[in-house]
Amino acid sequence: MQPKNMIEVKNISRDLPLGGRNLHVLQGISFTVIKGEWVALTGPSGSGKSTLLGILAGIDRPTSGSVILDGYEINNLPEAHLSCMRNEMIGIVFQAFNLIPTMTAIENVEAPLYIHPHWREAEHLATEMLEQVGLKDRMHHMPYQLSGGEQQRVAIARALVTSPHVLLADEPTGNLDSATTRQVLQILQYLRMKLNLTIVMVTHDPTVAAYADRQLHVMDGRIVEVPQKANPTKEDSRVSA
Ligand SMILES: Nc1ncnc2c1ncn2[C@@H]1O[C@H](COP(=O)(O)OP(=O)(O)OP(=O)(O)O)[C@@H](O)[C@H]1O
Ligand SMILES: [Mg+2]
């Protein structure tokens, strides 16, 4: 069977105004990610990785070109339609976890369901997701009572509780030590298989990028594909949390 294209990026550019002139942050980027694939976006600081991820998430819009998500062109959708689509199709994880500090772990995970068709099942779905990331015993803790790795696992549970097709992650392990990084990546590997997720993950760390099937290297707003070596981490898809 022909693999299904989950994300198609066609010749996108993004100009940003800077001091009276235009900065050409992204310059003609095209690539395709198939359903179930895990792609790492690597590249030097300032090369445009977060800008690109923001456009894939529908948080930002390209200056030209198009993004097609599961067959739907998203960049010309009106804002209300776009935010519905984002809520149902995309989960996002950031480097700084971005949990709501006044809410417990389970309340943070339930939050995206308050504006979702599955809102009636919020408590049940959030509990199930927190169990999947190994945090059954931490559900009623506040973010400040959790370690960095635990907070990021709550953030992953929150991103996936709506059963999105796509997970976008911007330096998800950037604030974690190497042992915790490995644990979070193993959880992502496990969930990716279980939920047939498509993942696009920004990282500057080659050991983190090695968890992906493929690397796309961003340089000066353009993409260079890195030839892939055999990936020993592929076999390791169980959670050891
Ligand atoms: N709102 C903005 N206005 C003007 N320029 C911006 C804006 N946001 C980003 N830029 C510029 O766009 C370029 C790309 O930024 P971006 O955040 O996408 O880089 P990055 O690859 O994610 O970098 P890092 O690895 O440091 O996170 C940078 O030169 C940055 O200064
Ligand atoms: Mg960035």
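## Contacts and conventions

Two residues are in contact if their C-beta atoms, placed from the backbone, lie within 7 Å. By this criterion Leu168 touches Leu53, Leu56, Ala57, Ile90, Ile92 and Val200, leaving out residues up to four places away in sequence.

The model is predicted: local features need pLDDT of at least 70, side-chain atom pairs count only at pLDDT 80 or more, and totals for chains, interfaces and linings use all residues. Residues are numbered from 1 along each chain as its sequence is written, while chains are lettered from A and ligands numbered from 1 in the order in which they are written.

A residue is buried if 20 or more other C-beta atoms lie within 10 Å of its own, exposed if 12 or fewer, and partly exposed in between.

## Sheet

Helices (H or I, at least four residues) and strands (E, at least two) are DSSP runs, numbered from the N terminus; two strands pair if DSSP finds at least two bridges between them. An open sheet is formed by 4 strands in the order 2-1-4-5, with antiparallel pairing. Strand 2 (21-34) and strand 5 (72-73) are at the edges with a single partner strand each, so one side of each has no neighbour in the sheet.

Strand 1 and strand 2 are joined by 11 bridges, and Asn5 stands opposite Ile34 in strand 2. Their hairpin has 2 residues between the strands, and Gly19 takes a positive phi near 55 degrees there. Strand 1 (residues 5-18) also pairs with strand 4 (residues 64-69), over 5 bridges; Ser64 of strand 4 is the bridge partner of Ser13.

## Ligand 1 and helix 1

Ligand 1 is surrounded by 13 residues (C-beta atom, placed from the backbone, within 6 Å), the closest being Leu16, Ser45, Lys49, Ser50 and Thr51. Strand 1, strand 2 and helix 1 (49-56) each supply at least two residues of this shell, and helix 1 gives the most, with 3 residues.

The buried residues of helix 1 are Lys49, Leu52, Leu53, Ile55 and Leu56. Seen down the helix 1 axis, these buried residues fall within an arc of 160 degrees (taken from the directions from the axis to the C-beta atoms), so they line one face of the helix. Gly58, with a positive phi near 75 degrees, follows helix 1.
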